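Here is a friendly note to read with the model open beside you. Take the points in order, and find each residue on screen as you go.

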Amino acid sequence: MTTPAPPPAGSAAAAPGPPGSPSGGSVTDRLVEANRRYAAGFRDPGMDARPVLRVAVVACMDARLDLHAALGLELGDCHTIRNAGGVVTDDAIRSLTISQRALGTRSVILIHHTGCGLENLTEDFRHELEDEVGQRPPWAVEAFRDVDQDVRQSMQRVRTSPFLPHRGDVRGFVFDVHTGLLREIDPDS
Ligand SMILES: [Zn+2]
């Protein structure tokens, strides 16, 4: 547990902060306010939950990767499954299994990227956590040195999962955060 944060001073509509900071309270307050504006202009497209393009994208959570813009996706087109690294973990397989078996997707696209935070970590991260908190996390850090090889490993995990009925259209890419371009990874090289 962390130390409890002090109660916020004043009301949620706090005075504007210094330049560059969210005005009027916390970043969450700012996002909730943005949602009110979004909802004011929102029209229910009347879609069901099945992605229109029948595709699931597994990608890194990196803040520089705007999946919808980078891939020309519209609302309702695809499932997006994101985590640190865009790694095909057991939990990503859980989401892909539901995506394919319950919600009709057929294709899988994997997107890792240049300059990923996981390239600077090692499995020592787990040991350091264990030393600090007294428990070893049950999950692997999934750190990597070679992003191409990490994409190949993720493709392989999708292609060998017994839970996924659709494993024939699985492609993997590295997104360049400086150019915005995808580079496809050959699964066999
Ligand atoms: Zn990343």
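The points below go from the overall layout to the sheet, the helices, the core and the annotated site.

1. **Before you start.** This is a predicted model: local features need pLDDT of at least 70, side-chain atom pairs count only at pLDDT 80 or more, and totals for chains, interfaces and linings use all residues. Residues are numbered from 1 along each chain, following the sequence as written.

2. **The overall layout.** The chain has 5 helices and 5 strands. Both are DSSP runs numbered from the N terminus: helices are H or I with at least four residues, strands are E with at least two. Starting at the N terminus, the order of elements is α-β-α-β-α-β-α-α-β-β. Of the 189 residues, 22% are buried. Here a residue is buried if 20 or more other C-beta atoms lie within 10 Å of its own, exposed if 12 or fewer, and partly exposed in between, with C-beta atoms placed from the backbone.

3. **Contacts along the chain.** Two residues are in contact if their C-beta atoms, placed from the backbone, lie within 7 Å. Among contacts between residues at least 6 apart in sequence, 62% join residues at least 24 apart.

4. **The sheet.** In what order do the strands lie in the sheet? The order is β2-β1-β3-β4-β5, in an open sheet of 5 strands with mixed pairing. Two strands count as paired if DSSP finds at least two bridges between them. Strands β2 (78-83) and β5 stand at the edges with a single partner strand each, so one side of each has no neighbour in the sheet. From one strand to the next, the twist averages 25°.

5. **The parallel pairs.** Strands β1 and β3 pair in the parallel sense over 5 bridges, and Val58 has Leu110 in β3 as its bridge partner. Strands β3 and β4 also run parallel, joined by 6 bridges. Here the bridge partner of Val108 is Val170 in β4. Strand β3 is largely enclosed by the rest of the structure, because 5 of its 7 residues are buried.

6. **The antiparallel pair.** Strand β4 (residues 170-175) pairs with strand β5 (residues 182-185) in the antiparallel sense over 4 bridges. Look for Val174, whose bridge partner in β5 is Arg183. This hairpin has 6 residues between the strands, and Gly180 takes a positive phi near 80°.

7. Helix α5 (residues 147-159) lies across β3, β4 and β5, at about 155° to β4. These angles run from 0 to 180 degrees between N-to-C directions, and the axes are lines fitted to C-alpha atoms, for helices over the stretch in contact.

8. **The nonpolar core.** A nonpolar core is a set of buried Ala, Val, Leu, Ile, Met, Phe, Trp, Tyr and Cys residues joined through C-beta atoms within 7 Å. The largest one has 27 residues, and those touching the most other members are Ala56, Val58, Leu96, Val108, Leu110, Ile111 and Val158. Strand β1 gives the most to this core, with 5 residues. Beyond its neighbours within four places in sequence, Val108 contacts Ala56, Val58, Leu96, Val158, Asp169 and Val170.

9. **The annotated site.** An unreviewed UniProt entry places the feature "binding site" at Cys60, Asp62, His113 and Cys116. They are spread over 57 residues of sequence yet cluster in space, with a largest C-alpha distance of 8.4 Å. UniProt positions follow the numbering used here, feature names are shortened, and annotations may be inferred rather than shown by experiment.

10. **Two residues of that site.** Cys60 is found in strand β1 and is buried, with 23 other C-beta atoms within 10 Å. His113 is in strand β3 and is buried too, with 22 such atoms within 10 Å. Not counting residues up to four places away in sequence, His113 touches several residues, including Cys60, Asp62 and Val174.
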